Amino acid sequence: FMSDYKSIIQQQIQSKPMFIYMKGTPGMPMCGFSARAAQVLASTGVEFGSFNILEDMNLFEELKKLNEWPTSPQIYVKGEFVGGCDNICELAESGELAKMLKN
């Protein structure tokens, strides 16, 4: 059962250059941190995928264990976990995110 979630997560994070697990959707975020993080991803102009964790809290529980990260949003770039809202904002401001997406 839990291993199913692992494979779902793998498929999701590899489906797009960036992937965000958030409360709500990029068009209708349900929390400020998710909203800000989704805006940062959108500002890159690079396509990103998203998953509304409110629709499946079991998947989110598995994600929390996987990354040892208790909160949302959780963001992946090129299949690598990069952290949450503050992390993605810092990566974007420093220019590091653009570099990661180019490589």
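This is a predicted model: local features need pLDDT of at least 70, side-chain atom pairs count only at pLDDT 80 or more; totals for chains, interfaces and linings use all residues.

Reader: Why is strand 2 called largely enclosed by the rest of the structure?

Author: A residue is buried when its relative accessible area is under 20%. Four of the five residues of strand 2 (residues 48-52) are buried, and therefore the strand is described as largely enclosed. For the protein chain as a whole, buried residues make up 40% of the 103 residues.

Reader: Why is Glu-68 called exposed, and why is Lys-78 called partly exposed?

Author: The label "exposed" needs a relative accessible area over 50%, and "partly exposed" covers the range between that value and the 20% limit for buried residues. Glu-68 has 72%, so it is exposed, whereas Lys-78 has 40% and is therefore partly exposed.

Reader: What is noted about the backbone of Glu-68 and of Lys-78, and where are these residues found?

Author: Glu-68 has a phi near 50°, which is a positive value in a residue other than glycine, and it is found in the loop between helix 3 and strand 3. Lys-78 likewise has a positive phi near 50° without being a glycine, and its place is the loop between strand 3 and strand 4 (80-83).

Reader: Which residues does the cis peptide bond join?

Author: The cis bond joins Ser-72 and Pro-73, with omega about 0°. Pro-73 lies in the loop between helix 3 (57-67) and strand 3 (74-77).

Reader: How do you know that the radius of gyration of the protein chain agrees with that of a compact globule?

Author: A compact globule with 103 residues would have a radius of gyration near 13 Å, and because the protein chain has 13 Å, the two agree. Along its principal axes, the C-alpha trace spans about 40 × 30 × 20 Å.

Reader: Which elements make up the protein chain, and in what order do they run?

Author: The protein chain has five helices and four strands, and from the N terminus on the elements run α-β-α-β-α-β-β-α-α.

Notes:
Residues are numbered from 1 along each chain as its sequence is written. Side-chain values use heavy atoms; hydrogens and water are left out. Helices (H or I, at least four residues) and strands (E, at least two) are DSSP runs, numbered from the N terminus. The radius of gyration is taken over C-alpha atoms; the globule rule is 2.2 Å times the number of residues to the power 0.38. Buried means under 20% relative accessible area, exposed over 50%, partly exposed in between (1.4 Å probe, protein chains only).
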